[in-house]
Amino acid sequence: MIPKGKSSAKLKVQILAGGISHERDISLKSGRRVADALTDIGATVVIREPDSKLLANIKKDAPDVIWPCLHGASGEDGALRDILALSGVPFVGATGDSARLAWDKSIAKILVAKEGIQTPASVTLPKETFRELDADGVLKAITTSISLPVVVKPAKSGSAQGVTIVRDSAELSRAMIDAYVYCDVAIIEKFVDGTELAISVIDLGAGPTALPAVEIEPLKGNFGYDERYIAGETNYYVPARLDAVVLERAAYVAIKAHEVLGLRHLSRVDLIVDAQGTAWFLEANVQPGLTDTSLMPQSILASGNSLSSAYYSIVEAALRTKGL
Amino acid sequence: MPNEQQHVTNLDSWLDSYAARAETLAVSEVRALFSVVSRPEVVSLAGGMPYVAALPQDLLAKAYNDMMKEKGLLAIQYGGGQGDLKLREQILELMALEGIHASVEDLVITTGSQHGLDMLAGLFLDEGDVVLAEGPSYVGAIGIFRHYEAHIEHVYTDHDGMSPEALQQSIDKMKAQGKKIKFLYLVPNFANPSGVTLSADRRPAILEICKREHILIIEDNPYGLLYFDKPVPDALRSMDEDGIVYLGSFSKILAPGFRVGYVLAPPAIRDKMVLAQESALLCPSSFTQMMISEYLANADWQGQIDTFRGVYKERKDAALSAMQEYLPNLETTRPDGGFYLWVTLPEGIDSKAMLPLAVKELVAYTPGTAFYGDGTGQRYLRVCYSYPTPENIKVGIKRLANVINLQTDLMETFSNTGR
C-alpha cells in the first residue's frame, strides 16, 4: 500500500518535461498527467522545459520538489539529475549515478545478474566494432553463440525505439542499423519467449514495494512504440494472469533490480516470465512513462490508490531526501 | 486464470464502436519524433511553415481595428454557408492574377483549403475509389484520401511536373483493373513536396486526357503567387470551367492562422459543397473572413506578396548553396518558387529509418515516405526552407550532411553481411 499523500501540505512542485530526446513527446504527456494529478490534490505545480533557463527557473519558481518527468537521454542518463543535485532542491527519482547505471541497459544487466537474477544472454557492441572488424564475421559469431531469435536494441534508449526482434539472420544487419540510429552502442540479446511483465516499484523511504504486475498482451505481436502509445493496440491484465508464486518471484526480481541499481522513489522493471516460470530481467526504467497509456499508472490504480495520492506521496518522499 | 480483482483493459472502452475508417487515423512514431522541432537547438527543415514574421503586425492590427469598428457585430455573428460575399468578390481579383475568370457564385470559402479538399473527398470518394496524384504528392491530401479509404495511384512526375504519357498509362492500368477513378489531384505550381511546376506545354495535354477520360481535376494551388523570378503559367482552371475544381488559400500569401481558403467549383459541385459545409460547420468563420477582406481592401497585399517572394527566394538560394557546399553529390530539385527542395539520397539509404539519427544531430526533415500513399519514397526527403533563417538553413543542411555521412558509413559497414 502506498501511504496517502497529505493534500493540506500544498507543496510547490516544478515538473520538468520535454527535453531533447527521441521520447520528448512522451515526456510532455507524462509531465502533463503528473501535473494534473498533483494539482487535483492541492499541490502548486509548474511545468518547465529543461532548457537554458533551467537554473533560472528553479530560482524563480522556488519549488519544494522538482520532478524530472523526462524520458530518454535528456532525463535518464544522469547528467540533468547531477545538475538538479547541485541546485540543492530535492528531486524525484534516482540520483545521477544510479540513473547512469540503469540507463545503460548493458550495465544494468551485469549488475542485476551479479545478484543471481536471470537476464537473457547478450552481447553489447559499439558500432565501431563492426566497422573495424569483419562485420559479417562478427554477426555470424554472434548468431552462432546466441541462437536466433534475438532482440536487437540500443543500449541507451526507451519506448522500444530502435528495437527489433530478429528471427531470420538476413534481418540482423538491418536491425543493427535501426538500433545504431538511436545509440552508438547496441545490445543483441537472446529472445525469451514468454509473458511480458512490467512491475512498478514505489520506494518512499521504508524500502521498495512492488505494485501489482501488469501483463502485456500486444494484439498484433510485438510491444513496440505504437502498441505502447495507441490505446486499443494492447491488452493489459492487472495483476498478471500468472501463478502467485511466479508473481512473487517476479516482484522480488523487480525490487532487487531497483535496489542493486540504487534507484529511488519510483522505477519500473520490465521482465519476461518463461514457460518454466523463470523471471528474466530485461531493463529498469528510472523515470517510467506516466502517460494515459503507460504501465505504472495502471499498477498504481490496481493497488487501490489514486494517481494523485500516489504521486503526492512520491513528492513527499523526495522532500524528505532534502540535504541527503 | 483471472481472479476476481483482476482487471483487463485495452485502455479504450470504445474500441468496438469506431467506424472502420477510424483505423486510418494512427499516431506515428515519426510524428512523435517531430516533437523536438519546437526546441530552439533543433533546425527544422521539416514543417512547411510560412515565415509569418515577414508580415508586419501593424497591417493586421489596423485591419482588425477597422473591421471591428465597421462590422464588429457582423464579424462575431454566424455567416452564410458559402462565405462572405465581399471576400468572394475580392478573391476573384486575386484569382485573375493567375488567369482565372469566374463568377462569385461559384466560390465557396472554406476553413483553409484543407477543409475544402476534405469536403471534396467526402463528396466523391467511396471505399476503393482511385485518386490519381503526382508521385510524390502532398502529405495532407494523402491523409484525407486514406481516411476516405481511397486507393492513391501515383503518376510519374519529373522536373516538368506530371508526365501526360504516364498519366494515360496510369488511367489505362486502373481501368484494366476495373477500378473507378474519381479524380486527379494536382499541385501544379511549386508542388509540395517536390517544388516542381507543371510546364506550360504539359497543361493542355493533361487537361485533354482528363476531359477525354471524364476525370475531374482538383487543382490545388497554394503556392502559385510565390514565384521567384517569373510568374507561373496560367492556372489549369483558366482553360476549363467544367472539369476542374480549384483550391486556393490565404495560408501562404497571408498567414495560416486565419484558416481561410476557397474552392472554385462547377455549379453542381458548388451546391453540394455549400450543403456539406453547412452540415459540418454551419459556416466558415465570419471573423477571419472579414479580417482578410479588410486587409485586402486597404493594405498593400500585392506588395506583401512581393516581400514574401523576396524572403523565400533568399532562403531557397541559401538552401541550394548549402546543398552545393555540403552535399554536392546529391540530386535536388531547383524550385522557381514555393517552399521546398526534394532531395534524392544515396542508394540504400532510407530517410524514415535515418530520422532518429537526424534528431540526435539536431536537424529535422520530412521523410519521403510521407508523400506516397503506397509505402514507397524511402530514398527521398523533403527540405523546407521557408521558416528557418538563411544562416540556420546552412547550419541545418550541414548537420543533415553529417547525418547522411554517418548513415552511409553505417550502411557500408553492414553492406556485406547476411550473405
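Some questions and answers on this predicted model follow.

Colleague: How are α1(A) and α13(A) oriented to each other?
Modeller: Helix α1 (residues 24-40) of chain A and helix α13 (residues 307-320) of chain A have axes that come within 8 Å and cross at roughly 95°. Angles of 65 to 115 degrees count as roughly perpendicular. The two helices, α1(A) and α13(A), are therefore roughly perpendicular.

Colleague: How many nonpolar residues are in the contact of α1(A) with α13(A)?
Modeller: From α1(A) come V34(A), A37(A), L38(A) and D40(A), which meet L307(A), S308(A), Y311(A), Y312(A) and V315(A) of α13(A). By class, this contact of α1(A) with α13(A) has one charged residue, one polar and, for the nonpolar class, seven.

Colleague: And over in chain B, how are α2(B) and α9(B) oriented to each other?
Modeller: Helix α2 (residues 57-75) of chain B packs with helix α9 (residues 286-298) of chain B at an angle of about 125°, their axes being 8 Å apart. Angles of 65 to 115 degrees would be roughly perpendicular, and those over 145 roughly antiparallel. The pair α2(B) and α9(B) is therefore oblique.

Colleague: Is L11(A) buried or exposed?
Modeller: L11(A) sits in the segment before β1 (12-16) of chain A. Beyond its neighbours within four places in sequence, its contacts are A43(A), D64(A), V65(A), V315(A) and L319(A). A residue counts as buried if 20 or more other C-beta atoms lie within 10 Å of its own. L11(A) has 21 other C-beta atoms within 10 Å, so L11(A) is buried.

How values were computed: Residues are numbered from 1 along each chain as its sequence is written. Chains are lettered from A and ligands numbered from 1 in the order in which they are written. This is a predicted model: local features need pLDDT of at least 70, side-chain atom pairs count only at pLDDT 80 or more; totals for chains, interfaces and linings use all residues. Axes are lines fitted to C-alpha atoms, for helices over the stretch in contact, and angles run from 0 to 180 degrees between N-to-C directions. Helices (H or I, at least four residues) and strands (E, at least two) are DSSP runs, numbered from the N terminus. Angles under 35 degrees count as roughly parallel, over 145 as roughly antiparallel, 65 to 115 as roughly perpendicular and the rest as oblique. Two residues are in contact if their C-beta atoms, placed from the backbone, lie within 7 Å. Ala, Val, Leu, Ile, Met, Phe, Trp, Tyr, Cys and Pro count as nonpolar, Asp, Glu, Lys and Arg as charged, and the others, Gly among them, as polar. A residue is buried if 20 or more other C-beta atoms lie within 10 Å of its own, exposed if 12 or fewer, and partly exposed in between; C-beta atoms are placed from the backbone.
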